[in-house]
Amino acid sequence: MVIHEMLAQPQAITWLPWAVQYFFFIGIAACAALVACAARWLRHRRSEQCERVCLFIALTCGITAPLALTADLHQTARFWHFYAWPTPWSWMPWGALFLPLFTLLLGLWFLLFHLRKGDTRLLRALALATALTAIGLLLYTGREVSVVRDRPMWFSYWFPVAMFLSAMSALLAMLGLAMRDLTRRMAQGQVVTLVLLGAVLLAWYLGDTLSGEALRQQWRLGGEIRLYLLTLMLLWTATLAVSLYASRYKPPFFIALASTLLVAILCWTLRWTVLMGGQIIPKFNALMNDYSLPMGTDGLLAIIGTFGLWLALAVVLGECVTWLSRRYPHA
């Protein structure tokens, strides 16, 4: 009798932590651009301050995000193929169009806002154009993942909605930290977005879909996915509790800072759970694709370095704003 042994090799992780960093920063940048556009069009006594802070957050995150995405590409020099051989039926070339256009319009808007060189109609038109590209980015970023059928956990229309709501929650927390007199108002908005996010995640998990079934199956099997989901539930509960307190009582600075950190961690962990956890689930075999975070540039160093880049951009951009205010005192 001849015994044939069938061996299956675990599949390598193709989307690296760089992708998680891109999804994190581009979501906040796009939401900040939308809020800044609303502040430009719906004039209020605090609109100028809100627009200024949102533009600052959007530009720093909008520069960091594409750099992280470029680092995730395995053959970076081939990006020009999106322009040389366009495939409009795919979401990827649309991202290659929206991403540089968004950053360009955002930078121009930021410059004209601080120089006061553009009239109200010009800035309104620029804000509207930037907001449209931000919406395009949110659609592209969500749909490029949720259309992938061979990753069951990704294949859901709830994915783009959850990404938007979590990013908006993080943005509102950052705005509440930057504009201390509006902390309660921002916390109230944060409570609304967190409740909606919880409802979306619950509908995603309980839905009669391929993605919902994959999530429930991984919960029953235990392992890393269950740990990720438990972490998300704990973070969501803690963030909602802090936000409820901040929405009722004007919180001290350390409470506002804790709320911002919690919701940022929630936003980031959600992306890690879906993007990295979704790749652990096997596609073509019965083996789980084990993943351990490396220490180098494709792992922990990439995560720390991306946040460090964002902080460095914030410092540099802040110094540029200070220089412009001295060069143009009327601005």
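**View A. Packing of helices α1 and α2 in the predicted model.** Helix α1 (residues 17-41) packs against helix α2 (residues 47-72) at an angle of about 155°, and their axes lie 7 Å apart. Angles over 145 degrees count as roughly antiparallel, and α1 and α2 are therefore roughly antiparallel to each other. The crossing in which α1 passes α2 is left-handed. By class, 23 nonpolar, four polar and three charged residues take part in the contact of α1 with α2.

**View B. Packing of helices α1 and α4.** For α1 and helix α4 (residues 91-115), the packing angle is about 45° and the axes are 12 Å apart. This angle makes α1 oblique to α4. The two helices, α1 and α4, form a left-handed crossing. On the α1 side, the contact involves Tyr22, Ile26, Ala29, Ala30, Ala33, Ala36, Cys37 and Arg40; α4 contributes Leu99, Phe102, Leu106, Trp109 and Phe113. The contact of α1 with α4 comprises 12 nonpolar residues, no polar residues and one charged residue.

View C. Two or more lining residues are given by each of α1, α2, α6 (158-178), α10 (253-280) and α11 (300-327). Helix α10 supplies the largest share of this lining, seven residues. By class, the lining of the second largest pocket has 19 nonpolar, two polar and no charged residues.

Definitions and conventions. Residues numbered from 1 in each chain as written. Predicted model: local features only at pLDDT ≥ 70, side-chain atom pairs only at ≥ 80, totals over all residues. Heavy atoms only, no water. Axes fitted to C-alpha atoms, helices over the stretch in contact; angles between N-to-C directions. Helix = DSSP H or I, 4+ residues; strand = E, 2+ residues; numbered from the N terminus. Parallel < 35°, antiparallel > 145°, perpendicular 65-115°, else oblique. Left-handed = near helix turned anticlockwise from the far one by under 90°. Nonpolar A, V, L, I, M, F, W, Y, C, P; charged D, E, K, R; others polar. Contact = heavy atoms within 4.5 Å.
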